[in-house]
Amino acid sequence: MIVPLVLALCAAMASAAVVEHTFNVGAMNISQLCTKSVIYTANKQLPGPTIEANEGDTVVVHVVNESPYSLSVHWHGIFQLLNGWADGAHLITDCSIQPSGNFTYQFNITGQEGTLWWHAHYSLLRATIHGALIIKPRNGTAGYPFTAPYGEIPIILGEWWNKNVNDVEIDAHLTGLGPAISNALTINGKPGDQTPCKGAGVYEVEVASNETYLLRIINAAVNVELFFKVAGHNFTVVAVDASYTDPYATDIIVISPGQTVDALMTTSAPPGLYYMAANVFDSKTVSFPFNTGIATGIVKYTGAPNNTVASMPAMPAHNDVITAGTFHWSLTGLARPCDPAVPTTVNHSLVVEFGLDQEPCAPDQTKCQSFALVASMNGYSFQFPKNVSLLEALFDGLPGVYSEDFPMSPPPVPAIRKATSVMKVMYNDVVEVVLQSRAYRNNLGTESHPIHLHGFNFFVLAQGLGSFDPRARGAFNLVNPQVRNTVAVPGGGWAVIRFTANNPGMWFMHCHLDAHLPLGLGMVFEVLDGPAPNLLPPPPVGYPKCY
């Protein structure tokens, strides 16, 4: 089972520290893609500040909301053990920080090492309010299960809109068809030099020859899966979602929104300039417009000759499902003696079928024509509560906020019910979920969905195309499955995950394509208190209230 306290035993003992930051979230003037824009960022940085800590440390972040929007900040992948109040999931674990308000998030990092990230968990604001959260072993780089690299390079992949992203989300609701396509992809906040706008910003990093670097790659894009390559270089993947993997050699990284990949890269090419590049992996089974651009950055070798022309990597076709599937399905976990084993006794076995459908336009969708999109899991289209977070409703025993009737399987006849529904499980129960992607309408098709679970890691036991066949259980990887917090469920396919519910609270499981969140593609696990001391404490001082 994935037990944070057991995972901590893998780390060498060292003194813990308090890592403290202040994030002032407010307006920032920027000129990007030949357009002057006002965006909202933390500390006027894009990407936002990097948080670096060691396993065992306590992180304290004072968030001051100087923007005109309500917002929460989610610490993506952090367990928040007995600390769900700090998860930052809007209306699930807290109410948003109101404009001119502030809140201090405090959490311990227990049993986690690797690359995670933080982002706004409200509207499309995470397009510009995000940053890396890097966790090193307690004894520093000496604790890596691979040779310590010469250097480490965070690579945050993102999307850029010239328009205010809050307005993009409003228009998405008014049309009923989701947000407009982004104007560019970015690498560390910059689109690169392959855009129509000449002089667009280019991220550049200088490297020494014949050294090994650890790339900490984060997909902070809002709605697109990505291919990532560096011309003339190969990678060895050593971790995903802050969980170590068996070394996996590849020349390409495939990464879905919410996921992270740690990859070693040796600078053994002739001294020169080499493009790093990212483009969209479009997994849709029906043709829809998407961002066909490419984001670029530069890897520059120290001492590279002047006027060197950068080499461009050969990128896969946008619809290269074979390359994507090969990457996702080839990864296995680094099962060390100190790591917990896959639990073999399952208390709850669910089949969660999900996808997009269509419904009549709502009265307030004034730009909607013919139909609006809606999404569901097992026929339930998730509705956020209005005046209180689910976690507060659980803790205070407030009636009428949510129901505990989330179904264990899809309905025999597809039908959508809009509800704030959760699944109740006991402390330490083992939950297995077959995540099944489904096409409900021929004109909508299906696509790969990155499903993210708050509060836990999970074992990915198997993945496949088509409908899940129960006979596949005999082929589950129970020895060294990859461990993740976000899994890319292939379009029209499935993935099986398993986790131990050892963290009391309300934990959101949802698609990390932000276009699908307001449509209802999510559900919540309600994990009850265990025996003392495994009890959810009261909310902290200053806990944001709903208004």
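## Buried cysteines

A residue is called buried when its relative accessible area is under 20%. Cys95 has a relative accessible area of 2%, so Cys95 is buried. Keep in mind as you look around that this is a predicted model.

## Three disulfides

Let's turn to the sulfur links. A disulfide is a covalent bond between the sulfur atoms of two cysteines. The count here comes to three disulfides.

Cys95 is joined to Cys546, with 1.8 Å from S to S. Cys95 sits in the loop between strand S5 and strand S6, and Cys546 in the segment after strand S32, so this pair ties together parts that are 451 residues apart in sequence. The link is left-handed, with -65° about the S-S bond. While Cys95 is buried, Cys546 is partly exposed at 21% relative accessibility.

Cys34 and Cys197 form another disulfide, with sulfur atoms 2.0 Å apart. The torsion about their S-S bond is about 90°, so this disulfide is right-handed. Cys34 counts as exposed at 60% relative accessibility, whereas Cys197 counts as buried at 10%. There is also a disulfide between Cys361 and Cys368, and that link is left-handed.

## Aromatic pairs

Now for the rings. A search of the whole structure finds 25 aromatic pairs. One of them is the edge-to-face pair of Tyr248 and Phe327, 6.0 Å centre to centre with 70° between the planes. Tyr248 lies in strand S15 and Phe327 in helix H3, so the pair ties together parts that are 79 residues apart in sequence. Both Tyr248 and Phe327 are buried.

Elsewhere to look: ring pairs link Phe23, Trp75, Phe103, Tyr105, Phe107 and Trp118 into a cluster.

Methods:
Residues numbered from 1 in each chain as written. Predicted model: local features only at pLDDT ≥ 70, side-chain atom pairs only at ≥ 80, totals over all residues. Heavy atoms only, no water. Phe/Tyr/Trp six-rings, centres within 6.5 Å; stacked < 30°, edge-to-face > 60°. Helix = DSSP H or I, 4+ residues; strand = E, 2+ residues; numbered from the N terminus. Buried < 20%, exposed > 50% of the residue type's maximum accessible area, 1.4 Å probe, protein only. Disulfide = S-S within 2.5 Å.
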